[in-house]
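Colleague: Before I use any of the labels on this model, I would like to hear what each one rests on. Please set the values against the cut-offs.

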Amino acid sequence: MPTNHILPTRVYYTIFAILMLCTFATVLIAFFDLGPLNAIAALTIAVFKAVLVVLFFMHVRYSTRLTWAVVAGGVFWLGILLALTLSDYLTRSWQTFG
Amino acid sequence: MSTVLLPPRHYLNDGYGVRSWLLTRDHKRIALLYLAGVTFFFFIGGAMAVLIRLELATPPGDLVTDETYNKLFTMHGVMMVFFFLIPVIPSVLGNFLVPIMIGAKDLAFPKINLLSWYIYVVGGLFTLYALISGGLDTGWTFYTPFSTVASTTNVIPAALGIFITGFSSILTGLNFIVTIHRMRAPGMTWFRMPLFLWSTYATSLINVLGTPVIAITILLVAAERVFHFGFFNPAVGGDPVLFQHLFWFYSHPAVYIMVLPAMGVVSELVAAGCRKPVFGYSFVAFASLAIAVLGFLVWGHHMFVAGESVYSALIFSILSFLVAIPSAVKVFNWTATMYQGAVSWETPMLYAYGFIGLFTIGGLTGLFLAAIGVDVHVTDTYFIIAHFHYIMVGGTIMGYLGGLHYWWPKMSGRLYNEGLAKLSAGIIFIGFNLTFFPQFVVGYLGMPRRYHAYPPEFQVLNVLSSAGASILGVGYLIPMVYLMWSLRYGRLAGSNPWGAVGLEWTTSSPPPTENFTETPRVTWDAYEYPASVETDVA
């Protein structure tokens, strides 16, 4: 797989437009109370935007498997941070004995 | 035995002006730039420690005010952790040795390597400004909401300094990872690499994966302090424990950033000091990676009494015990290497012995702290202070000094005074134990950390500790003197004064700028010691 892939500029402009639209959507959604879905909606849009940046602006989509492994490693480590932090937040209300 | 001469052309005489140093891209010169930097910050942090121990020689707070005392221990911690312990071995010994040990001419990104040093210096200057212009009183941990809401001291400049310096760690880590992957000499397979490189590689992974988290966390602290956002301040909907999760996600692995490179150094010292391959090479290599990974799974043990859920604490407690396994693998394998070896009593080996003993005490007391019941009892006492100093000072600094003495002839081309070096190694070992062992006792008896006054019944143990600190200080100053002296007056070392194996000992001392006159071809395993290796000391 080529590592020096050159994209036409219109791809960057398209991605940029999508990112702006997503930002607009985030602001728009903030005006509606979705209850427990508030955070989920905002985070879903944010993750989608991050994926676009990583795949296109950072060229990961056109990179080697080693680059994919590095990205996967970073995401996995973020998963560790979130999972073990949630092990605290999600169990604080659990009953304790003694 | 042959006559030893300095090589006519080497990295130290390849340009003499200030420009030749400040704009150098030679990894060896950058290592020496770092050596100057970390030594400077070590003595600033050390000066704070002197004042702390002087204050604690008597029970009442009679030398400095409580506010000043808070600033002293904060700046001691900030300087020592972020500007000495974390960078010291990778940036000095790692920078000097990684390319030479794999048979390369330089690191993969020499300009980025120099940039790392400048970033480190700029970050250090920010923090120094915070110190000189009034100090910081949050503790090196920046716990919220005190740091974001209540403290009136220089939180922002210090936080910025640490934020900036973090990029130095990331770039150095990245440089090492790419260099080890891509620039090994022909025949230098992964399992022929010296164990120092395995531990440096593992450390670099932690640097790259963990440092961005502390950078963002510190930015959040700054944002909350300046713009009054509600990330961590419960008064506006934040959660202070969230800060602790984010902070310790990096700062616990940071302990392994400090100690893993020291473990790598000790592997080299033990092999050379015993003239034997390290017992269980692959176990020691993978133990480094295991420590790097497991180190990211245990941070919650810093928060057992901070409001963390009991169930979460249980998980973190079990995971914390697991770190003992790869750590013990290393200690047992070093000991097995020494078994029936021709054990040396030269200075680097003295530091290796010191490391193994002190790291074992630090590690075993870490098991006490992984047990929730004991941890609750000793949290925020001097027991904790003693434990982490045994790991971070007894481990990292003993490893660093051992490595510095071992490779000093390679770096400078000259030998130091072995008698003085042995004397200072002994003084440091005695001074260290006298300083910190009484702190285990006084902590277990209930003396809390971070107070400038204490009940009179704790005075004897505190005086012992302060006396030990003064001995330790003398022990640290002596190497400064004889190492500087050796630069001009030391006997010439020759290329291999220890009779050690490894690519760094096949090139001249000091090495040429390009490290080797021709690219080496490696056809041997690490630590292939013949029955006797001739040394070429004059």
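Colleague: How many residues does helix α16 of chain B have, and what does its reach come to against the span expected at 1.5 Å a residue?

Modeller: Helix α16 (residues 418-444) of chain B has 27 residues, and its first and last C-alpha atoms are 39 Å apart, close to the expected 39 Å. The expected span is 1.5 Å times one less than the number of residues, and helices are DSSP runs of H or I of at least four residues, numbered from the N terminus. Just after α16(B), B:G446 has a positive phi of about 115°. This is a predicted model, in which local features need pLDDT of at least 70 and side-chain atom pairs count only at pLDDT 80 or more, while totals for chains, interfaces and linings use all residues. Residues are numbered from 1 along each chain as its sequence is written, and chains are lettered from A and ligands numbered from 1 in the order in which they are written.

Colleague: Why are α13(B) and α15(B) called roughly antiparallel?

Modeller: Helix α13 (residues 347-370) of chain B and helix α15 (residues 382-412) of chain B pack at about 160°, with axes 8 Å apart. The pair is therefore roughly antiparallel. In their contact, 13 residues are nonpolar, 11 polar and none charged.

Colleague: Why does B:K330 count as buried?

Modeller: B:K330, in helix α12 (residues 324-338) of chain B, has 26 C-beta neighbours inside 10 Å and therefore counts as buried. B:K330 is 47 residues from B:F283 in sequence, and their C-alpha atoms are 7.9 Å apart.

Colleague: How do you know that the buried residues of α11(B) are on the same side?

Modeller: In α11(B), B:S312, B:A313, B:F316 and B:S320 are buried. They cover an arc of only 95° around the axis, so they lie on the same side of α11(B). The arc is that of the directions from the helix axis to the C-beta atoms.

Conventions. A residue is buried if 20 or more other C-beta atoms lie within 10 Å of its own, exposed if 12 or fewer, and partly exposed in between; C-beta atoms are placed from the backbone. Helices (H or I, at least four residues) and strands (E, at least two) are DSSP runs, numbered from the N terminus. Axes are lines fitted to C-alpha atoms, for helices over the stretch in contact, and angles run from 0 to 180 degrees between N-to-C directions. Angles under 35 degrees count as roughly parallel, over 145 as roughly antiparallel, 65 to 115 as roughly perpendicular and the rest as oblique. Ala, Val, Leu, Ile, Met, Phe, Trp, Tyr, Cys and Pro count as nonpolar, Asp, Glu, Lys and Arg as charged, and the others, Gly among them, as polar.
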